[in-house]
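Subject: Handover of a structure for your review

Dear colleague,

Please find below the structure that I am passing on to you. I would be grateful if you could read the notes that follow with the structure open beside them.

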Amino acid sequence: SSGINAEWPLRPGGCKRITPSDSYLEAFNKENGHLVTDKIKGINKRGIVTMDEKAHDLDVIIYATGFDLLGSVNAFEVSGVDGKSLADDHSDAPRAFYGMTRHLCPNY
């Protein structure tokens with residue numbers, strides 16, 4: 001099988017970040033695009049070579065190294081209904097009920 005359905009795990013709503021548009025996932029099923037999840041062995045002048053020795057010719061490589069969770073959570077001051085700072089409550093390990101809401105901070 002090919003396309004996004006071959007690799008996309010099913011999760012309940014709210015467990016992963018919501019996709020940015022209705023057409024975002026459809027882009028993975030187009031003939032001119034492929035979802036490749038294999039580990040990268042190397043990069044050459046034409047694109048990427050994966051560990052299975054397959055060469056993937058590319059026009060562009062987008063290198064994304066991760067997401068600064070603490071920086072985004074603590075980017076601005078948020079206080080709960082008890083007046084406690086969300087940044088203080090999070091400390092160095094943010095937690096949320098189903099990844100969506102915090103006790104005493106219902107709209108965050």
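This is a predicted model: local features need pLDDT of at least 70, side-chain atom pairs count only at pLDDT 80 or more; totals for chains, interfaces and linings use all residues.

Residues are numbered from 1 along each chain as its sequence is written, and side-chain values use heavy atoms, with hydrogens and water left out.

Overall fold

The protein contains two helices and three strands, where helices (H or I, at least four residues) and strands (E, at least two) are DSSP runs numbered from the N terminus. Along the sequence these elements follow the pattern β-β-β-α-α. Of the 108 residues in the protein, 13% are buried; buried means under 20% relative accessible area, exposed means over 50%, and partly exposed lies in between, with a 1.4 Å probe and protein chains only. Among contacts (heavy atoms within 4.5 Å) with a separation of 6 or more, 28% are between residues 24 or more positions apart.

The sheet

The three strands form an open antiparallel sheet in the order β1-β2-β3, two strands being paired if DSSP finds at least two bridges between them. β1 (40-43) and β3 are the edge strands, each pairing on one side only. From one strand to the next, the twist averages 25 degrees; the axes are lines fitted to C-alpha atoms, for helices over the stretch in contact, and angles run from 0 to 180 degrees between N-to-C directions.

β1 and β2 are joined by three bridges and form a hairpin with three residues between them. I40 stands opposite T50 in β2, G42 has V49 as its bridge partner, and I43 stands opposite I48. I48 also stands opposite H56 in β3. Three bridges join β2 to β3.

The turn between β2 and β3

β2 and β3 form a hairpin with four residues between them. E53 lies in the loop between these strands and has a phi near 70 degrees, a positive value in a residue other than glycine. For context, most residues other than glycine have a negative phi. E53 counts as exposed because its relative accessibility is 52%.

The second largest pocket

The second largest pocket holds about 550 Å³ of space. On a 1 Å grid over the protein atoms alone, a pocket is an open set of points where a 1.4 Å probe fits, with protein on both sides within 12 Å along at least five of seven lines, and lining residues have an atom within 4 Å of a point. Grid points are joined across faces, edges and corners, and a volume is the space filled by probe spheres set on the points.

This pocket is lined by 17 residues, of which G33, H34, L35, V36 and L58 are the closest to its centre. β2 (47-50) and β3 (55-57) are the elements that give two or more residues to the lining. By class, the lining has eight nonpolar, six polar and three charged residues; Ala, Val, Leu, Ile, Met, Phe, Trp, Tyr, Cys and Pro count as nonpolar, Asp, Glu, Lys and Arg as charged, and the others, Gly among them, as polar.

With kind regards
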